[in-house]
Amino acid sequence: MFDPSAPVEYQVQVDDDPLFGSPEFESEWIDVSTVEVVPADAALVDGTYHWRARAKDAAGNIGAWSTPWRFTVDTAPPPAPTLVLPLSGATLPNIYNPTLDWTDVFDPSAPVEYQVQVDDDPDFGSPAFDSGWITVSTATTTDLPAGTYYWWVRARDAADNKGLFSAPRQFTITDTIAPAAPTLVSPEDRALINVNIPTLDWGDVVDPSIPVEYRVQVDDDPDFGSPVFTSAWN
């Protein structure tokens with residue numbers, strides 16, 4: 001603020017009452033245009049406050065208070081969500097990207113966001129799925145291999161207070177579907193070859209339970225009654 005009778009000093013008030021009947025904080029006259037609010041009891045409690053400032057010039061003229069502004073102090077994190085689905089210990093046959101559901105969390109500093117993590121480690125050392133911060137209370141994971149997993153969720157309010165993760169739950173993805181038959185590549189059907197130790201090639205098979213292994217048989221009998229060669233699983 002410019003005033004011909006420099007230097008200008010400022011005074012600031014903070015109160016939970018818009019009429020400033022009993023300010024929580026009132027600064028001395030200071031010569032800078034910023035101040036840290038440190039009430040007598042060392043900190044503002046959570047709640048809504050109003051603040052205003054006025055100026056005084058070197059001639060002792062005191063100006064009017066500014067139009068008050070309002071701010072809210074919120075240092076309390078939201079509670080942990082309650083997990084809904086899958087149920088604890090659930091078995092999910094052939095569901096490799098399960099949908100996870102939890103309760104909405106109420107917090108005065110809305111909107112609330114959520115982070116859900118899934119890991120095969122109950123300590124969540126390296127999550128297999130992490131949603132990041134999302135605004136809905138449900139999430140569908142990326143594809144997960146068959147196995148046992150743990151999941152938990154936490155909430156964050158608009159004041160960036162992050163709550164604790166919920167107690168984790170466990171679910172198991174089972175694979176009950178056999179992989180598809182490979183597609184043979186070479187030698188081609190009915191091929192005539194001039195080697196007696198041929199190399200056989202086939203297409204890779206995609207299956208959610210990786211890694212996939214293969215077994216090969218060769219026989220001079222189309223019914224494979226007594227194969228002349230059977231490979232190990234590899």
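Modeller: Quick term first: strands here are DSSP runs of E, at least two residues, numbered from the N terminus. And keep in mind that this is a predicted model.

Biologist: Fine. Which strand is D119 found in?

Modeller: D119 is in strand 8, which covers residues 113-119.

Biologist: Is D119 buried or exposed?

Modeller: Buried, and D119 has no salt bridge. R154 is the nearest side chain of opposite charge, and R154 is 14 Å away.

Biologist: So which backbone nitrogen lies 3.2 Å from a polar atom of the D119 side chain?

Modeller: That would be the backbone nitrogen of G125.

Biologist: And what else is D119 in contact with, leaving aside neighbours within four places in sequence?

Modeller: Besides G125, there are F124, S126, P127 and A128, plus Y149 and Y150.

Biologist: Switching to the largest nonpolar core. Which residues touch the most other members?

Modeller: W102, Y114, V116, V118, W151 and F171, out of 21 residues in that core. Strands 6, 7, 8, 11 and 12 each supply at least two residues.

Biologist: Which strand gives the largest share?

Modeller: Strand 11, with 4 residues. There's also a second, separate core of 6 residues, including V12, V14, L44 and V73.

Biologist: Now the open sheet: what order are its 4 strands in?

Modeller: The order is 2-1-3-4, with antiparallel pairing. Strand 2 (25-26) and strand 4 (69-73) are the edge strands, each pairing on one side only.

Biologist: How many bridges are there between strand 3 and strand 4?

Modeller: 5 bridges, with strand 3 spanning residues 47-56. Look at Y49 too: its bridge partner in strand 4 is F71.

Methods:
Residues are numbered from 1 along each chain as its sequence is written. This is a predicted model: local features need pLDDT of at least 70, side-chain atom pairs count only at pLDDT 80 or more; totals for chains, interfaces and linings use all residues. Side-chain values use heavy atoms; hydrogens and water are left out. Buried means under 20% relative accessible area, exposed over 50%, partly exposed in between (1.4 Å probe, protein chains only). Lys and Arg count as positive and Asp and Glu as negative; His and the chain ends are not counted. A salt bridge is a side-chain nitrogen of Lys or Arg within 4 Å of a carboxyl oxygen of Asp or Glu. A polar contact is a pair of N or O atoms within 3.5 Å; within protein, one must be able to donate a hydrogen and the other to accept it, and residues adjacent in sequence count only if both atoms are side-chain atoms. Contact means heavy atoms within 4.5 Å. A nonpolar core is a set of buried Ala, Val, Leu, Ile, Met, Phe, Trp, Tyr and Cys residues joined through side-chain atoms within 4.5 Å. Two strands pair if DSSP finds at least two bridges between them.
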